[in-house]
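Colleague: I am new to reading protein models. Can we walk through one together, feature by feature?

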Amino acid sequence: MTAAAAPTGAPSVIAPALEMRGITKRYPGVLANDHIDLSIAPGEIHALLGENGAGKTTLMNVLYGLATPNEGQILLDGQPVRIAGPSDAIARGISMVHQHFMLVPVLTVAENILLGAETMANPIFLDRAEARRRIHELGQRFGFEIDPDERVGRLSVGWQQRVEILKALYRQARILVLDEPTAVLTPQETTEIFAVLRRLRDEGHSIIFISHKLYEVLEIADRITVIRRGRVVGQRRPSETNEDDLAELMVGREVQLTVDRGESHPADVALSVEHVTVKNDRGRETVVDLSFEVRKGEIFGIAGVAGNGQDELVEALTGLRRPAGGRIHLDGIDVTHEGARELHGRGVSYVPADRHRFGLVLSFPLTDNLVLTDYYAAPYARGPIRDDAAIRARAIEAIEQFDVRTPSPDVAAGTLSGGNQQKLIVAREFGRDLRLLVLDQPTRGLDVGSVEFIHRQAIRKRDAGTAVLLVSAELDEVLELSDRIGVMYRGRLVAILDGRTADREQVGLLMATGGREAPAPTPGARGEGVA
Amino acid sequence: MVARLRGQLAVPAGAIVLALLVGAVIIIATSPLATGRFDPTLPLVTYWAIIQGSLLSVNGLIDTVRSAAPLILVGLSVGFCFKAGLFNIGGQGQFLTGAVTAAAVGGALAGAPPYIAAPVAILAAMAVGALYGMIPGFLKAFTGAHEVVTTIMLNYIAIQIVAYLIQGPLRAPGSSFARSADVGNAAIPVIITSGGHQAHLGVIFPFIAAGIIWWLLYRTTIGFEIRTVGANPDAARYAGMRPRYLMMLAMSVAGLLGGLAGAGEILGVSGYMPAAYSTNVGFDAITVALLGRVHPLGIVFAGLLLGAMRAGAGLMQIQAGVPVQMIDVLQGVILFFLAADIVVRRVFRIRAAAGGVAELATVTGTYGGTTKASQP
């Protein structure tokens, strides 16, 4: 399919709820949107699919009034409109639910919903009673009743998202834009939120669903529009397409969605974690008496909903946080109390989850970032003096080897795309002799092509005999790569499963409940190969 | 390279131009006080007098360089801290402790051979300045106390220490007002004299210091660590660097530069220290550091510019009748436009990427956010 002609779209004769015609947005040097046509019917869930940088965000910014298009027209219910800004968009019934929730944790549900759309009893005081009544009513209508007086900070991520949706409904949104709504949810929560979305659709709301998870898009959407490099490259109905077709449209070439991970050949134990307890910044034990082993040549995946102690565990294993108890051995040597520098020297590499906060210095050039963890050692330094020539040579080699797309090694890391930034970290951390590779959410926010690349590299390292520890809130990633899977729940490993036989639903349930409703986990299950 | 340089120069140049325009408005508005009538040409007379008094004569040039010396040194001190993500407002205290040390050691060694007395007094001032600078570094590293608060408090403590020492143990016997003894042989030798205007050998210190600081920041691993801690303390921890140690080191180097500046003024200019020694150098240096884009070379030029304004102030007052405090106004407005650089960029249509200074975040963003840098 070539560039989409006018969408075959709306099945009914009534005007589409939203129509974007020929939207073109140019930024200096970039054509972010190139004559994009998009039409969404009332009561339709329309998925917008595309890699990072394809132009989805720009298009939504145009819709939300955050960017002014150079060309093109927006029509609501067939009427051309000019959207001046977010408040104008909201007034016209367009609402956006961001991937990172815009909620105030210390305020209640009702207060959060009222924020910016205050219902006033009189010019001075809020009408809380009326607000509560309406929130209650909305919740009932769409099948998710929620206590308006609960503090948002106490809600689970899934419910926080529902508060965001309620916020939009409270503002009488008819068109809802959901940006990667499932990125932070467990499979169960995703199922629940899908039920909510279907209910909204059946009530006549239009939903724009932005995602890069192909199977979810196929499950929830009525129609799918694929964008690549600022252009609509195809439109599909779920019944007439499949994941491979969509991926190919998105990337522009054939993509292997699941890397063939092949047979693993686990050898000796490389990392052994025994009864490790770790406290968080507030002194709470967020990792409790945790034990497991990772062997050379295997990928051990840790699945779990974010915030179940994974961060603290990873920090303890990489020397950024001292364990409060227990022992950590690397190749038989006790490294429990070693810091990041010593562990790095022992061949421990760490790809952090938050690449902007930990992995890179965005204002530094690629050259400096590529030696961030070994700038002090030969050949990059002779004594205290940096060797710029050696650093540059290394940068050029790494950029070439790991296919980092950049105009030059001297540009700031912050100017690269997310995928290329991650490749930069991978180039730095993979490109040396390794004993243990710790990958924390290595593909978060990356496009299909970059994910494929990073997964391949991880498997290559495994096959070279490196012990790999993969921590991810993306269940699919853990299932796809891991030879063994540990499920983390409230600071404990509640189960260790065989990666070849582990089942999505089963792991999802363990992640969500810790296995209380599932078969009881074997206490102290660790190591011995498989569950 | 040229484009990058232009990007770096755009905002400072814009800030200066805007400050001169704002200054012109103030000068015209107050011109009745200076000349007895509204005089729209007075700004031109004023600015011309500054240029004449600072750059167009040998005497002026001598004064410019001499006034610039402490500004550059303390500017380097502030700039070095910015690179480490620290906002050093303690330049004044570090300068004063260095100055009083130079006065004490210089006074004690007044009869010693010059080639021993001067270097010892200078080194002592640098050491004491470094120790004084290390205090806020230590407090930040181990207690999390914010350096803006502690350095300001230490400024007041330094003022009182100086007052006590000069009025008490260091007071020169027989002097009519509280002052320290003459430094005698510990004086830094004068290298240029012209009609009563003198420049001491110490005026070359800022240029040497700028070179060393540049080398340290951009050519050594320690400098890389300091810049990393400043740009992203979490990444520094991730990379196995020691933010606590680096913070203390950066503050100590800053104090050392401040102490050197103080020594230069006592041993090279006044020859003794009065109890009421007053200086604004710590605050002026913030303007210098930001005007110089937190780069050693930029700081040298910024210091020379502000030094020239100081040097030309006298002639300005004589020729235009505008009080010397006008220089403080101009300097304040320059700082205002540097901090609020978005105004400058709007006026001159400078693209953000070209105009930004990452270290400015240290000024504006260090209060609410708790960095993890103070953790082990």
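Modeller: Start with burial. A residue is buried if 20 or more other C-beta atoms lie within 10 Å of its own. Keep in mind that this model is predicted.

Colleague: How many residues of H12(B) are buried?

Modeller: The count is 10 of the 11 residues, so H12(B) is largely enclosed by the rest of the structure. The buried residues include B:Val281, B:Gly282, B:Asp284 and B:Ala285. B:Leu290 and B:Leu291 are also among them. After H12(B) comes B:Arg293, with a positive phi near 55°.

Colleague: Now packing. How do I describe two helices side by side?

Modeller: Two packed helices are described by the angle between their axes and the distance between the axes. Take helix H12 (residues 281–291) of chain B and helix H13 (residues 296–320) of chain B. They pack at about 130°, and their axes are 7 Å apart. That angle makes H12(B) oblique to H13(B). Their crossing is right-handed.

Colleague: Which residues of H12(B) and H13(B) meet?

Modeller: From H12(B) come B:Asp284, B:Thr287, B:Val288, B:Ala289 and B:Leu291. From H13(B) come B:Ile299, B:Ala302, B:Gly303 and B:Leu306. The contact of H12(B) with H13(B) has 6 nonpolar, 2 polar and 1 charged residues.

Colleague: Show me another pair. At what angle do H4(B) and H11(B) cross?

Modeller: Roughly 170°. Here H4 covers residues 58–83 of chain B, and H11 covers residues 243–270 of chain B. Their axes come within 7 Å. An angle over 145 degrees counts as roughly antiparallel, and H4(B) is therefore roughly antiparallel to H11(B). On H4(B), the contact residues include B:Ala69, B:Leu73, B:Leu76 and B:Phe80. On H11(B), they include B:Ala250, B:Leu257, B:Ala261 and B:Gly264. The contact of H4(B) with H11(B) divides into 15 nonpolar, 3 polar and 2 charged residues.

Colleague: Let us step back to whole chains. What is the secondary structure of chain B?

Modeller: Chain B has 17 helices and 2 strands. Its radius of gyration is 21 Å, close to the 21 Å that the globule rule gives for 376 residues, so chain B is as compact as a globular protein of that length. The C-alpha trace of chain B spans about 65 × 60 × 35 Å along its principal axes. Of its residues, 55% count as buried.

Colleague: And how many helices and strands are in chain A?

Modeller: Chain A has 17 helices and 22 strands. A compact globule of 531 residues would have a radius of gyration near 24 Å, and the 25 Å of chain A agrees. Its C-alpha atoms fill a box of roughly 70 × 50 × 50 Å along the principal axes. Buried residues make up 46% of chain A.

Colleague: Last feature: the interface. How many residues of chain B are in contact with chain A?

Modeller: 15 residues of chain B contact 21 residues of chain A. On the chain B side, helix H9 (221–231) and helix H10 (233–238) each give two or more residues. H9(B) gives the largest share, 5 residues. By type, the chain B side that touches chain A has 7 nonpolar, 5 polar and 3 charged residues.

How values were computed: Residues are numbered from 1 along each chain as its sequence is written. Chains are lettered from A and ligands numbered from 1 in the order in which they are written. This is a predicted model: local features need pLDDT of at least 70, side-chain atom pairs count only at pLDDT 80 or more; totals for chains, interfaces and linings use all residues. Axes are lines fitted to C-alpha atoms, for helices over the stretch in contact, and angles run from 0 to 180 degrees between N-to-C directions. Helices (H or I, at least four residues) and strands (E, at least two) are DSSP runs, numbered from the N terminus. Angles under 35 degrees count as roughly parallel, over 145 as roughly antiparallel, 65 to 115 as roughly perpendicular and the rest as oblique. A crossing is left-handed if the near helix is turned anticlockwise from the far one by less than a right angle, and right-handed if clockwise. Two residues are in contact if their C-beta atoms, placed from the backbone, lie within 7 Å. Ala, Val, Leu, Ile, Met, Phe, Trp, Tyr, Cys and Pro count as nonpolar, Asp, Glu, Lys and Arg as charged, and the others, Gly among them, as polar. The radius of gyration is taken over C-alpha atoms; the globule rule is 2.2 Å times the number of residues to the power 0.38. A residue is buried if 20 or more other C-beta atoms lie within 10 Å of its own, exposed if 12 or fewer, and partly exposed in between; C-beta atoms are placed from the backbone.
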